[in-house]
Amino acid sequence: VLLFWFPCRSCLLPALTWVCYLSIINLQAPFTYSYGWEWLTCESGFLAIFLCPLPFADASFPATCPPPRIVLWLFRWLAFRLLLGAGLSKVGRNSSACWRQLTCTTTHYFTQPIPNPLSWFFHHLPEWVHRAEVATTFVEQLVLPFFFLIPSKWCRRLAAMAEIFFQFMIVATGNYAWINFIGALPCISMLDDEVLSLLFSKQSKARLCSIAEAAAKEGKRIWVRFFRLVHGFACIALLLFMAYKSKDPLKEMFSAAPWINNYDPWFLMNSQGVFGFINKHRVTLVLEYTHDPKVDMQSNWEPLDFRCIPGSSDRFPCLLSPYHSRLDWETWIRTTASMEQLYTQKAPLQEYFNRFPPFLANLIVHLLHGDDDTVSLMGVSRGSFFGKEGEPPSAIRARFYSYTFTSVERFRKTGHWWTRKSLDRSGQDGGVILTREQHPLEESSIRKSNPARRPVLLILFGIALMVGSSSLDWPLRVLMSALATVLFMVVFLHDYPLVFGYLEIPSIHEKTTEGLAWCQQASAISSEGPVFFVGLFLGCWLLSS
């Protein structure tokens with residue numbers, strides 16, 4: 001609604017997105033609540049509200065209301081706390097000894113949550129380069145942040161550009177969702193117009209100069225001064241409020257063992273501290289499936305890889321960031337990050353299964369019953385998973401392995417990226433087999449989605465955005481946008497029979513399926529990654545139009 005009726009530069013739009021995102025995070029589900037970049041997104045989104053002008057103003061008002069300096073300094077304060085907190089967590093009491101020994105990156109690249117293609121090459125760099133990497137990390141996180149607060153534009157410019165470079169170097173060596181993107185975002189507040197103008201053409205610069213001249217004339221009008229006064233008082237109140245909220249993050253930051261934390265359900269101010277502990281070994285859960293009617297350890301087992309965490313030794317590492325594969329991350333946290341002590345103690349295989357995460361057991365049960373939404377989270381194609389008969393596997397086997405990157409010599413000979421070793425120290429390479437008969441599931445708990453659902457949702461969402469920002473007359477624009485929105489909701493809700501059962505539309509699935517048959521082939525290449533990136537592109541295009 002705000003996209004169609006109010007200017008995109010109004011503070012109502014970031015306020016609405018902040019509230020919507022906050023409502024998801026406050027569900028406090030482990031898959032959405034336990035990640036620091038979720039909290040950081042909420043904190044940055046809250047500050048972004050005050051960067052935009054007030055609504056219900058004249059169309060020229062946004063040009064007459066520059067971003068308040070107070071909010072820009074709050075973004076700089078956010079960048080300072082983010083980096084310094086990350087650095088102090090690496091020298092705190094609970095940090096890994098490898099940070100003090102300057103050796104953390106000798107194991108980090110293959111034990112990180114989701115390695116990318118370049119991780120293998122960085123892992124094989126000489127030892128002196130790894131030591132230089134760790135030393136540079138300390139400079140970046142313990143020294144560079146202080147340059148953010150120096151009242152010199154050249155210091156801030158150089159520090160901001162250096163930090164943005166560091167953040168994107170991390171993006172190049174691993175898949176960390178959008179934490180590096182949201183970490184680089186506050187640094188833009190340290191780049192003034194003189195620097196940012198280098199990114200624009202001469203025509204754009206001339207247009208900006210004309211807007212600045214018009215803003216100078218408009219700024220003398222009484223209503224403009226009134227709006228600026230109201231906005232200024234709001235920013236001063238925000239500054240005092242955020243200064244008060246900073247006491248808890250600062251206390252955490254300078255404690256003996258600083259770590260990431262939040263202090264209220266609004267996530268207005270959080271303490272940051274990531275990767276103070278670095279794994280030395282990679283304990284990985286491996287799943288396999290079979291369609292054989294008679295199931296035993298000698299059945300024809302096929303790999304059931306996760307979307308991006310290591311599975312098949314020859315599988316090319318993913319390039320996923322900024323998309324967040326939550327299942328992969330949560331699996332890494334509950335296995336690699338949590339079971340290293342069992343590995344160092346040479347625990348028997350049964351000990352690993354004693355600590356088997358409940359959500360992974362639930363995942364396997366839903367896979368056995370052919371739940372479409374669950375299958376879409378995995379890195380295996382629907383055709384191979386459901387087999388020639390269109391039936392889900394008869395059994396799934398779970399095993400634990402230790403993974404490392406292959407050596408350069410083996411990679412050249414075999415093309416395999418990973419070397420793995422079974423954690424069954426009895427030498428039998430055993431595991432646990434689960435079947436549908438052992439774990440029945442109610443029919444109402446099994447989701448069956450039309451394969452064309454995702455691409456159709458994306459297409460309708462794109463149509464609504466493009467029509468809403470077009471130059472059509474407003475009645476036609478609102479009508480077409482409303483039509484696309486209604487179709488979007490129909491396709492989105494047709495997987496929820498309770499909704500349409502309540503509305504007494506029992507045949508909605510059949511009617512929708514017939515209308516969506518034309519894009520069955522498009523669904524074969526659809527996934528949450530492309531949907532995210534295309535949606536991100538459409539959103540950026542809309543806001544810049």
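Trainee: How far apart are the sulfur atoms of Cys 308 and Cys 318?

Mentor: Keep in mind that this is a predicted model. A pair of cysteine sulfur atoms counts as a disulfide within 2.5 Å. Cys 308 and Cys 318 do form one, and their sulfur atoms sit 2.2 Å apart.

Trainee: Is the disulfide of Cys 308 and Cys 318 left-handed or right-handed?

Mentor: Both cysteines are buried, and they lie in the loop between E4 and H17, 10 residues apart. For the hand, look at the S-S bond: its torsion is about -100 degrees, so this disulfide is left-handed.

Trainee: What pattern do the disulfides of the protein follow?

Mentor: Searching the whole structure turns up two disulfides. Besides Cys 308 with Cys 318, Cys 98 and Cys 104 form a disulfide with their sulfur atoms 1.9 Å apart. Count the bonded cysteines along the chain and you get 1-2, 3-4.

Trainee: Is Cys 155 buried, partly exposed or exposed?

Mentor: Buried means under 20% relative accessible area, and exposed means over 50%. Cys 155 has a relative accessible area of 25%, so call it partly exposed.

Trainee: Now the second largest pocket: which residues are closest to its centre?

Mentor: This pocket has a volume of about 740 Å³. Its lining has 31 residues, and by class these are 19 nonpolar, nine polar and three charged. Helices H5, H7, H9, H11 and H12 each give two or more residues to the lining. Closest to the centre are Thr 137, Glu 140, Gln 141, Phe 166 and Ile 170.

Key:
Residues are numbered from 1 along each chain as its sequence is written. This is a predicted model: local features need pLDDT of at least 70, side-chain atom pairs count only at pLDDT 80 or more; totals for chains, interfaces and linings use all residues. Side-chain values use heavy atoms; hydrogens and water are left out. On a 1 Å grid over the protein atoms alone, a cavity is a set of points where a 1.4 Å probe fits but cannot get out, and a pocket is an open set with protein on both sides within 12 Å along at least five of seven lines; lining residues have an atom within 4 Å of a point. Grid points are joined across faces, edges and corners, and a volume is the space filled by probe spheres set on the points. Helices (H or I, at least four residues) and strands (E, at least two) are DSSP runs, numbered from the N terminus. Ala, Val, Leu, Ile, Met, Phe, Trp, Tyr, Cys and Pro count as nonpolar, Asp, Glu, Lys and Arg as charged, and the others, Gly among them, as polar. Buried means under 20% relative accessible area, exposed over 50%, partly exposed in between (1.4 Å probe, protein chains only).
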